[in-house]
Amino acid sequence: VEAAQQARTAEREGFDGLVAVDHFFSGRAPSTPRWRVEPMVALGAAAAATTRITLAAMVMNVNFHHPAVIAHAMASLQELSGGRAELGLGAGWYAPEHLSFGLPWGDSASRTERLLESAAVCRAMLEHRGMVMHRGAPFHVQNEVPWDWGGAGHTVPVVIGAAREKLLYRAAEVANRVDLLHVSVDGAPMVDEAHGRSADRVEQLLHGVHLRAAAAGNSIKVSATL
């Protein structure tokens, strides 16, 4: 009920979109960790309550879900909402909820590889009506049964946000959009003077993103916050 009410309010007040986060629980000291609503359920309720605003999963944690499950859910949201879904993917940052449920955590490198491969699987499924043949490290996916699209419109964009140069450039090869995020420390965005980027540095990073995307034959959109 709360998700639907928030969505109606956002649309009525002229907002362009609504986002849902993917956590079992989260919180930063000294605050007590707080339970979170499941994002796809919340976005489904928002879809039923609105007609215009974008409905974005920002972001789905690839350690919690197989990419085929994510793609299936987003395709369903796209269909039910009339083409308003957007998929953000993330590698996870809040270790306590992973450890609580025995979910994969690992080091930064392994989480990055899982994120990029998940993005490739999700994008392939979303662009080819669910039909995909993929053999990677954690995922082997082969599906020849097409989704019965009902004309919801364009495919769901796959978005990866990153602060680190290496991840930005690799994300540019597989995502539909790359969001240049603020520098983060332990998952927390740092926007103070000590961690800020100059306009020249942002321009340099975005140029590098476009170069990597072009080299991979990928048409990409980018966004950045100074």
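Ala, Val, Leu, Ile, Met, Phe, Trp, Tyr, Cys and Pro count here as nonpolar, Asp, Glu, Lys and Arg as charged, and the others, Gly among them, as polar. By this division, the lining of the second largest pocket holds nine nonpolar residues, one polar residue and three charged residues. The structure is a predicted model, in which local features need pLDDT of at least 70 and side-chain atom pairs count only at pLDDT 80 or more, whereas totals for chains, interfaces and linings use all residues. Residues are numbered from 1 along each chain as its sequence is written, and side-chain values use heavy atoms, with hydrogens and water left out.

The protein chain has seven helices and twelve strands; helices (H or I, at least four residues) and strands (E, at least two) are DSSP runs, numbered from the N terminus. The radius of gyration of the protein chain is 18 Å, close to the 17 Å that the globule rule gives for 226 residues, so the chain is as compact as a globular protein of that length. That radius is taken over C-alpha atoms, and the rule is 2.2 Å times the number of residues to the power 0.38. Along its principal axes, the C-alpha trace spans about 50 × 40 × 40 Å.

Of the 226 residues, 42% count as buried, where buried means under 20% relative accessible area, exposed over 50%, and partly exposed in between (1.4 Å probe, protein chains only). The protein chain exposes about 12100 Å², of which carbon and sulfur atoms supply 56%; accessible areas come from the Shrake-Rupley method with a 1.4 Å probe, and for residues only the protein chains shown count as cover. Among contacts (heavy atoms within 4.5 Å) between residues at least 6 apart in sequence, 65% join residues at least 24 apart.

The second largest pocket contains about 390 Å³ of space. Of the 13 residues that line this pocket, the closest to its centre are E2, A3, Q6, V37 and A42. The elements that give two or more residues to the lining are α1 (2-12), β1 (17-20), β3 (34-35) and α2 (39-49). On a 1 Å grid over the protein atoms alone, a pocket is an open set of points, where a 1.4 Å probe fits, with protein on both sides within 12 Å along at least five of seven lines, and lining residues have an atom within 4 Å of a point. Grid points are joined across faces, edges and corners, and a volume is the space filled by probe spheres set on the points.

Two backbone features deserve attention. A cis peptide bond, with omega of about 5°, joins M58 and V59, and V59 belongs to strand β4 (residues 54-61). R129, although not a glycine, has a positive phi of about 55°. R129 is placed in the loop between α5 (108-127) and β6 (132-135) and counts as partly exposed at 39% relative accessibility.

Leaving aside its neighbours within four places in sequence, E173 is in contact with R212, A216 and N218. Strand β9 (residues 177-180) includes L180, which is buried with a relative accessible area of 4%. The C-alpha atoms of L180 and S223 are separated by 6.0 Å, although the two residues are 43 apart along the chain. H210 lies in helix α7 (residues 199-215) and is partly exposed at 40% relative accessibility. With neighbours within four places in sequence left aside, H210 is in contact with I220 and V222.
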